[in-house]
Amino acid sequence: MACAGLKTRLSRGFAAGQVRASLAREPVRGGSDGGLSTGLPVRVHGLSGVPMTTTMTSYQAVTRNLAQSLSRTAARPMVANETAYFEKNIGKVKNLDDFMKDDRLYRYAVEAFGLGDMAYAKALMRKVLEGGVTASDSVANRMSDQRYREFAAAFDFGAQAAETSYFQTNITKVKSVTGFVDPSAERMFDYAIEAFDLQSVADTPQEKAALTQALHLGKDSQLRFADPVVDRNFRDFLKAFDFAGKGLETTVDGAAMQGVVDRHNAADRAAQARATVDKETRQQLALDEGAPNDNVRLALYFERKAPGIK
């Protein structure tokens, strides 16, 4: 509904020749907190010379074939090179220090979240990431610009480290399948499910019951999944938590439990990569297609933001 209403309003504005706001290429900094006073970085000026048909045609051509437009943008040499570097190296990051030390990696992420003009302020950005978004008084939550919160949520190394520490500290106390799937161990069970990317098959009570039965049977379980990737991950999950074969020794197997942690870290980085690359590609698309036409750039900005409008 938000997108439909947005397009209607944009169409009326274009038709009447009244769209007068255009996005600046770089957000204008302002505010004592180093952030933006609003979430919309714009400069206001007249655009009376822009033909309505050119604007609408350009905008519709981009949004009608958005997947192709994104692919075309992602294939541009400069974008492709930076994306390849990010995807290759984000998996090597173990903590916030690693992330901040690699300036190329850091800048790609900052720009993807629309905060490129603040990339130089590393001390501030570190505080934003260190505070995360859980505490209401964190730096990111005190910012008036929601992009800081989005950035902190996406790269919340502190929260990830806390979950890993909890798993490592408590998993050795779990001695059986019953204990593993008990509500009191839910946090550890969920950590393991995320590590093996099995959320799609462990979402309902019925699905969890099927996984529980499979854990009791171990390698003899006949449970299979149509998706080969999910099925392979499930087999690895059963090997890691082989209560049927190892019994009480299952969770004190240091190598096996470290393998779970390593997989969880890899899954976190993969999720960060997917979200960040998508955002950066859309940012570049808006700049490419909006460069010759400010109205199109404005429209593409709202196209990205519309899904989050309540």
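**Group meeting: a walk through a helical chain**

Hi everyone, let's start inside the protein: Gln 272 has a relative accessibility of 4%, so this glutamine counts as buried. Before I go on, please keep in mind that what you see here is a predicted model.

Where does Gln 272 sit? You'll find this residue in helix 16, which covers residues 254–290. And what does Gln 272 touch, leaving aside residues up to four places away in sequence? The partners are Phe 86, Ile 90, Ala 154, Phe 155, Phe 157 and Gln 160.

Let me zoom out for a moment. The chain has 17 helices, along with two strands. Of its 310 residues, 41% are buried. If we take contacts with a separation of 6 or more, 62% of them join residues 24 or more positions apart.

In soluble globular proteins, nonpolar side chains tend to be buried together. Here, the largest nonpolar core has 31 residues, and the members touching the most other members are Phe 86, Ile 90, Phe 99, Met 125, Val 128, Phe 151 and Phe 155. Several helices supply at least two residues each: helix 5 (96–101), helix 6 (103–112), helix 7 (122–131), helix 8 (139–142), helix 9 (146–154) and helix 16. Which helix gives the most to this core? That's helix 6, with six residues.

Have a look at Met 125 while we're there. Not counting residues up to four places away in sequence, Met 125 touches Tyr 106, Val 110, Leu 115, Met 118, Tyr 148 and Phe 151.

Last stop, a helix pair: helix 10, residues 157–170, and helix 12, residues 186–195. Their axes come within 10 Å of each other, and the crossing angle is roughly 115°. Angles of 65 to 115 degrees count as roughly perpendicular, and helix 10 and helix 12 are therefore described that way. Is the crossing left-handed or right-handed? For helix 10 and helix 12 it is left-handed.

And who makes the contact? On helix 10 it's Ala 162, Glu 163, Thr 164, Tyr 166, Phe 167 and Asn 170, while helix 12 brings Arg 187, Met 188 and Tyr 191.

Terms used: Residues numbered from 1 in each chain as written. Predicted model: local features only at pLDDT ≥ 70, side-chain atom pairs only at ≥ 80, totals over all residues. Heavy atoms only, no water. Helix = DSSP H or I, 4+ residues; strand = E, 2+ residues; numbered from the N terminus. Buried < 20%, exposed > 50% of the residue type's maximum accessible area, 1.4 Å probe, protein only. Contact = heavy atoms within 4.5 Å. Core = buried A, V, L, I, M, F, W, Y, C linked by side-chain atoms within 4.5 Å. Axes fitted to C-alpha atoms, helices over the stretch in contact; angles between N-to-C directions. Parallel < 35°, antiparallel > 145°, perpendicular 65-115°, else oblique. Left-handed = near helix turned anticlockwise from the far one by under 90°.
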